[in-house]
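Please work through the questions that follow with the sequence and the structure in view.

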Amino acid sequence: MNAANKKPPLDHAEAAKASLEARRSDLADRVASIERSRRRGDAPLSADSEERSVERENDEVLDRLADTTRRELEQVRHALDRIHAGRYGVCERCGQPIPAQRLRAVPEATRCSGCADGARR
Ligand SMILES: [Zn+2]
């Protein structure tokens, strides 16, 4: 396999590393603050049934937001692992280089567009 022997362009990794590290701490802060809000949501529900359903909805929104943020954080951490392993910019599925255009748009991408689409299906 020729692609596996090709060194990923280091400048991509260096450029992405700083922005991914910034994203990682930003996302970690967001997860922490969502969890703080959610804990207040665990307080006894209001006696008023209409208010109660609003409170439950708020909790659900926060739970979904926390899930999404955690998944994003995981992906960013994963991309940083790939940088540390010297494999950044190489699709972890097919081993082909991920186009620079995609890395600029999605710095946390660890798969090329084709493989990412395939995984979603
Ligand atoms: Zn691929």
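Q: Among contacts in the protein chain between residues at least 6 apart in sequence, what percentage join residues at least 24 apart?
A: The model is a predicted one. Two residues are in contact here if their C-beta atoms lie within 7 Å. Taking the contacts between residues at least 6 apart in sequence, the share that joins residues at least 24 apart is 66%.

Q: How many helices and how many strands does the protein chain have?
A: Along the sequence the pattern reads α-α-α-α-α. The secondary structure therefore comes to 0 strands and, as helices are DSSP runs of H or I with at least four residues, the count of helices is 5.

Q: Which residues touch the most other members of the largest nonpolar core?
A: This core has 13 residues. One of the members, I83, is in contact with A13, A16, K17 and Y88, leaving aside neighbours within four places in sequence. The residues that touch the most other members are A16, A79, I83, Y88 and I98.

Q: Is R93 buried, partly exposed or exposed?
A: R93 lies in the loop between α3 (49-84) and α4 (100-105). A residue is buried with 20 or more C-beta neighbours within 10 Å and exposed with 12 or fewer. Because R93 has 14 such neighbours inside 10 Å, R93 counts as partly exposed.

Q: What separates the C-alpha atoms of R93 and C115?
A: Not counting residues up to four places away in sequence, R93 touches R111 and C115. R93 and C115 are 22 residues apart along the chain, and the separation of their C-alpha atoms is 6.6 Å.

Technical notes:
Residues numbered from 1 in each chain as written. Predicted model: local features only at pLDDT ≥ 70, side-chain atom pairs only at ≥ 80, totals over all residues. Helix = DSSP H or I, 4+ residues; strand = E, 2+ residues; numbered from the N terminus. Core = buried A, V, L, I, M, F, W, Y, C linked by C-beta atoms within 7 Å.
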